[in-house]
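Dear colleague,

Please find below the structure that I am handing over to you, followed by an account of what was found in it. I would be grateful if you read the two together.

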Amino acid sequence: MCFLRFLAQARSTLGRHLAEVSPAAWAAAPVDSGRKLHLVMGNESCDLDSAVSAVTLAFVYAQRHREHDYVPILNIPRRDYPLKTEVGHLFVKCGIAEPVLLFRDDIPKEVAQDVSVILVDHHVSPLAPNVTEILDHRPLEDSSPCFKQLPAGCELDIDEAVGSCATLVAQRYLGEKQPRSAGVAQMLHATIVLDTINFALAAKRFGPKDVAMVEQLESELNLHDDQRSSLFDELVAARADISKLTLTEVLRKDMKIIQTDRQVVPLAGMPILVRDFVEKKGAEKAVHEFGVESNLLVILGMYVSPTDGQVQRDLALISLSGQSHFVEHVRHALMESKDPKLELRPHEVDTRFMGGYFLRQHNVQATRKHILPIVKRALLEWEADHGCDCDEVYFFKEKPQLGLS
Ligand SMILES: [Mn+2]
């Protein structure tokens, strides 16, 4: 079966399993086909790596293990798909339109119980008890309670040395002769080029495995390595194309949630500097909408110069509930970080937008992957130092719904 047809059938494949779990369907036809449903899911940012890894790995496994069903799920609600501009760009280029894709909100709760899950591009998930395999390149979080819930037999391929999870998928794809698909090869190739910052030495976002896989994909696609830079520019432009989004959507575009037992802190990543964002009309309203349920917002900005590709980064800490001591604690943790040093310094022109802290990040090699754990550690320290009765910390009555369970 070809890649596009596989994707077009994913919904009916899922529907078949849904019918099997409904009691009425059981009574009518208690068939035990023995076909197990495997959901292949990327992380909640649904960046290009997560989206491509999910759809390509699901296809490869479906072709190799025909006795079971593999369905890729994009780990966002469908309404957020327009925010993933580079995903939409590459998918359309490869002939994949939004209606054929399946999203987190396409999975009803009842199916989540008996399903097996393959995680790509992340390894901490509320679905941990159902996870049978993980392909990831994030730093191992083996102390996380979710990680401890993974079944004993779960296969782990967590390789921090690769710049892209798509490299690990490419290894599976290229490791056997079947299936072959130009669409799969093209998507994996594009994702590795983007994630490794086109193998820029200054960025150090790749390892030998990324190089080996991209070269093999290029030979399969009859591409030359001198075509990489125009592909990279095209994807970066697509990712940074926020022209059709509202400012609130810009904040939500590439966000991650830092969650402790007591707090939920959204962390936004934007394709413009925060310092430029706050100058825009409606920025304050957008920040309010974005952070309505949290007492700290972390906003990371990045600007890539279209002429020389030079990267600038900055970050902001904003508290909507005036938690100044708490915000100061997080700011201090970021300023003092040694591994890596972020080299945070005030902007040349300072701002007091919404009483927040705005800092230029002179170590442009440090990314959200580095900043997120520093913030999380700071939250946990703060919670340990401030007992449960402390009303300075905002308590959530219920954790927000993340994932399927
Ligand atoms: Mn990734």
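Axes here are lines fitted to C-alpha atoms, for helices over the stretch in contact, and angles run from 0 to 180 degrees between N-to-C directions. Helices (H or I, at least four residues) and strands (E, at least two) are DSSP runs, numbered from the N terminus.

The crossing of helix 14 with helix 15 is right-handed; the term means that the near helix is turned clockwise from the far one by less than a right angle, and left-handed means anticlockwise. On the helix 14 side, F326, H329, V330, A333 and L334 meet I374, V375, R377, A378 and W382 of helix 15. Residues count as in contact if their C-beta atoms, placed from the backbone, lie within 7 Å. This contact of helix 14 with helix 15 comprises eight nonpolar residues, one polar and one charged. In that division Ala, Val, Leu, Ile, Met, Phe, Trp, Tyr, Cys and Pro are nonpolar, Asp, Glu, Lys and Arg are charged, and the others, Gly among them, are polar.

**Basis of the model**

This is a predicted model, in which local features need pLDDT of at least 70 and side-chain atom pairs count only at pLDDT 80 or more, while totals for chains, interfaces and linings use all residues. Residues are numbered from 1 along each chain as its sequence is written.

**The parallel sheet and the helices across it**

Five strands make up an open sheet with parallel pairing, in the order 2-1-3-4-5. Strand 2 (69-73) and strand 5 (155-158) are at the edges with a single partner strand each, so one side of each has no neighbour in the sheet. From one strand to the next, the twist averages 15°. Two strands pair if DSSP finds at least two bridges between them; strand 3 (residues 116-120) and strand 4 (residues 131-136) do so in the parallel sense over four bridges. V117 has V131 in strand 4 as its bridge partner.

Helix 3 (residues 48-64) lies across strand 1 (37-41), strand 2, strand 3 and strand 4, and runs at about 170° to strand 2. Helix 7 (residues 165-175) lies across strand 3, strand 4 and strand 5, at about 115° to strand 4.

**Two further helix pairs**

Helix 3 also packs with helix 8 (residues 182-195), at an angle of about 155° and with the axes 10 Å apart. These two helices, helix 3 and helix 8, are therefore roughly antiparallel to each other, and their crossing is left-handed. L48, D49, V52, T56 and F59 of helix 3 meet V184, M187, L188, T191, L194 and D195 of helix 8. Seven nonpolar, two polar and two charged residues form this contact of helix 3 with helix 8.

Helix 7 packs with helix 9 (residues 208-221) at an angle of about 50°, the axes being 9 Å apart. Helix 7 and helix 9 are therefore oblique to each other, and they cross in the left-handed sense. T167, A170, Q171 and L174 of helix 7 meet K209, D210, M213, Q216 and L217 of helix 9. By class, four nonpolar, three polar and two charged residues take part in the contact of helix 7 with helix 9.

**The annotated domain and a hairpin**

An unreviewed UniProt entry places the feature "domain: DHHA2" at residues 232-379; such annotations may be inferred rather than shown by experiment, and the positions follow the numbering used here. Over residues 232-379 the chain is 36% helix and 25% strand, with the end C-alpha atoms 36 Å apart.

Strand 6 (residues 254-259) and strand 7 (residues 264-270) pair in the antiparallel sense over six bridges. A hairpin of four residues joins strand 6 to strand 7, and Q259 has V264 as its bridge partner in strand 7.

**Backbone details in the loops**

Most residues other than glycine have a negative phi, and most peptide bonds are trans. The peptide bond from Q178 to P179 is cis, with omega near -10°; P179 is in the loop between helix 7 and helix 8. The bond from D339 to P340 is cis, with omega near 0°, and P340 is in the loop between helix 14 and strand 10 (344-346). I197, in the loop between helix 8 and helix 9, has a positive phi, near 50°.

With kind regards

Definitions and conventions. Contact = placed C-beta atoms within 7 Å. Parallel < 35°, antiparallel > 145°, perpendicular 65-115°, else oblique.
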